[in-house]
Amino acid sequence: MVRFALLGSLVLALVAHASADDKKDVPKELAPFQGTWKVVKAEVKGMAVPEKEFAAGRFIFEGTKVTVIEDEKSKPDVGTFAVGNEKEPFTIDLIQPDDKALGIYKFDKDGKLTMCFATGKDATRPKEFDGKNAALLVLEKVKQ
């Protein structure tokens, strides 16, 4: 019994160490995204989306992977993401094998993440956070 407890403690310590090492491998520009974020505001083409339609929305950033959960009933979308922070507005791309969402992002002083994505197949990357011709999302980090 004691051996099992010691083995369990060792495994937990190794997993914690491996997780810490994984975080070291995250590029500096992706570090602020890491973790789970909930959608707290949404607009599409300048129209506010009712809270009940996005309340379960989550973005989970892990390394370069992103999982988007629309609600409890839908299957999560999994892909990768890339950011560009050379000049403002900073860019973000959500990438899946057959699709790519072009957007811009900013971190607000209160820690919220605002993202604005082009809508439609032939849409171009938004240039500002007005949401008039795009989808605007405001996310808040989930405390764990």
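Residues are numbered from 1 along each chain as its sequence is written. Local features need pLDDT of at least 70, side-chain atom pairs count only at pLDDT 80 or more, and totals for chains, interfaces and linings use all residues, while side-chain values use heavy atoms, without hydrogens and water.

**Confidence.** The mean pLDDT (the predictor's confidence in each residue, from 0 to 100) is 84. Of the residues, 83% reach 70 or more.

| Element | Residues | Mean pLDDT |
|---|---|---|
| Helix α1, lowest | 2–24 | 35 |
| Strand β3, highest | 58–62 | 98 |

Over residues 1–22 the pLDDT is below 50, and beyond near neighbours in sequence this stretch has 0 contacts (heavy atoms within 4.5 Å) in the model. Where pLDDT is low, the predicted coordinates should not be read in detail.

**Fold.** The protein has 2 helices and 9 strands (DSSP runs: H or I, at least four residues; E, at least two). Their order is α-β-β-α-β-β-β-β-β-β-β.

**Core.** F59, F81 and I92 touch the most other members of the largest nonpolar core, which has 20 residues. Such a core joins buried (under 20% relative accessible area, 1.4 Å probe, protein chains only) Ala, Val, Leu, Ile, Met, Phe, Trp, Tyr and Cys residues through side-chain atoms within 4.5 Å. Strands β1, β3, β5, β6, β8 and β9 each supply at least two of its residues. Contacts of F59 include W37, V68, L94 and L137.

**Pocket.** The largest pocket holds about 990 Å³ of space. F59 is among the residues nearest its centre, along with V68, L94, A101 and L137.

Methods
Buried < 20%, exposed > 50% of the residue type's maximum accessible area, 1.4 Å probe, protein only. 1 Å grid on protein atoms, 1.4 Å probe; cavity = no way out; pocket = protein on both sides within 12 Å on 5 of 7 lines; lining within 4 Å. Points joined across faces, edges and corners; volume = space filled by probe spheres on them. Lists of a residue's contacts leave out its neighbours within four places in sequence.
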